[in-house]
Amino acid sequence: MLIPGNSGLLLVIPKSAPSPLLPKITYFRCMDFTYKIVNHGTYAIVEMSGNLIDKNQATPLLEEIQDIIEKGINNFVISMEHFRYLNSNGLNVLVNILTKSRKNGGDTTICSISDKIKEMLIITK
């Protein structure tokens with residue numbers, strides 16, 4: 001069974017398995033988050049990919065968003081076309097970008113959302 005962790009997945013074998021077959025718990029990193037920001041003059045497109053499950057993953061993104069806002073661009077389009085997974089920490093990052101944008105007279109739009117992430121956004125609305 002794979003269980004999401006803070007920065008990876010945890011492989012866990014159920015206790016019902018016979019002891020000789022029970023391996024040590026294996027941890028491997030596969031939760032990567034990347035982003036690219038493309039400036040289009042009056043707005044910027046933030047292309048996210050991977051998984052966003054830890055707020056520390058997004059620290060550079062939030063710092064770069066703040067720098068862009070300070071340069072006068074306060075409208076963002078967040079493309080989640082290549083995005084796979086989002087938890088409450090990731091949702092907080094999206095809300096943070098929206099809040100920064102609106103506090104500075106702009107707005108944020110999210111596009112290309114998978115059905116799974118769309119459900120989460122609707123539930124937390």
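I read the order of elements in the protein chain from the N terminus as β-β-β-β-β-α-β-α-β-α. I count three helices and seven strands in its secondary structure, where helices (H or I, at least four residues) and strands (E, at least two) are DSSP runs numbered from the N terminus.

I note that the model is predicted: local features need pLDDT of at least 70, side-chain atom pairs count only at pLDDT 80 or more, and totals for chains, interfaces and linings use all residues. Residues are numbered from 1 along each chain as its sequence is written, and side-chain values use heavy atoms, with hydrogens and water left out.

I looked up burial next. Of the 125 residues of the protein chain, 31% count as buried (under 20% relative accessible area, with exposed over 50% and partly exposed in between; 1.4 Å probe, protein chains only).

I then searched the whole structure for aromatic pairs and found two (ring centres of Phe, Tyr or the six-membered ring of Trp within 6.5 Å; planes under 30 degrees apart are stacked, over 60 edge-to-face, the rest tilted). F33 and F83 form an edge-to-face pair, because their ring centres are 6.3 Å apart and their planes stand at 85 degrees. This pair ties together parts 50 residues apart in sequence, since F33 lies in strand 4 (residues 33-39) and F83 in strand 6 (residues 76-86). I find both F33 and F83 buried. Ring pairs link F33, Y35 and F83 into a cluster.

Finally, I placed D67 in helix 1 (residues 59-70). I record D67 as partly exposed because its relative accessibility is 42%.
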